[in-house]
Amino acid sequence: MIVLTNKDTGIELGKITEAQLQFLVDQLEEESPTDTDYWLNRAELEILKENGADPELLALLEQGMGEAEDMEVSWERR
C-alpha cells in the first residue's frame, strides 16, 4: 500500500495505487532517485489533469491542498 501525506501538516491524504504513483513519478520533478516527496501548486494540478491524471488521484491531491496555494506531498510504502 502507498500512502500520501501532506508533508507540511503531517496529515495523511490517503492511499494510492502503483499506477497512480508511477504517474506522479513520471510527471513531477525528483531531486534524487530516492526522492519521495513533491511540491505541488494549483498550476501543477492543472498540468496533471491535462496530462491524464486519474480523477481519484486528482481529487485526493485537491482535497489535501484545501484552500492553500501549494503543498509538499510525500509518499511511503507500508
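A crossing of two helices is called right-handed if the near helix is turned clockwise from the far one by less than a right angle, and left-handed if it is turned anticlockwise. In this predicted model, helix α1 passes helix α3 in a right-handed crossing. The contact is made by Gln20, Phe23 and Leu24 of α1 together with Glu56, Leu57 and Leu61 of α3, and by class it has four nonpolar residues, one polar residue and one charged residue.

Two packed helices are described by the angle between their axes and the distance between the axes. The axes of α1 (residues 18–27) and α3 (residues 55–65) come within 10 Å and cross at roughly 70°; since angles of 65 to 115 degrees count as roughly perpendicular, α1 and α3 are therefore roughly perpendicular to each other.

The sheet comes next. Four strands form an open, antiparallel sheet in the order β2-β1-β4-β3, with β2 (12–16) and β3 (37–41) as the edge strands, each of which pairs on one side only. Neighbouring strands of this sheet are turned by 25° against each other on average, direction ignored. Between β3 and β4 (residues 70–77), which run antiparallel, there are five bridges, and Tyr38 stands opposite Val73 in β4.

How does α1 relate to these strands? Helix α1 lies across β1 (2–6), β2, β3 and β4, and runs at about 110° to β2. Asp26, which has its place in α1, is exposed, with a relative accessible area of 54%, and its C-alpha atom is separated by 24 Å from that of Gly10, 16 residues apart along the chain.

How values were computed:
Residues are numbered from 1 along each chain as its sequence is written. This is a predicted model: local features need pLDDT of at least 70, side-chain atom pairs count only at pLDDT 80 or more; totals for chains, interfaces and linings use all residues. Side-chain values use heavy atoms; hydrogens and water are left out. Axes are lines fitted to C-alpha atoms, for helices over the stretch in contact, and angles run from 0 to 180 degrees between N-to-C directions. Helices (H or I, at least four residues) and strands (E, at least two) are DSSP runs, numbered from the N terminus. Angles under 35 degrees count as roughly parallel, over 145 as roughly antiparallel, 65 to 115 as roughly perpendicular and the rest as oblique. Contact means heavy atoms within 4.5 Å. Ala, Val, Leu, Ile, Met, Phe, Trp, Tyr, Cys and Pro count as nonpolar, Asp, Glu, Lys and Arg as charged, and the others, Gly among them, as polar. Buried means under 20% relative accessible area, exposed over 50%, partly exposed in between (1.4 Å probe, protein chains only). Two strands pair if DSSP finds at least two bridges between them.
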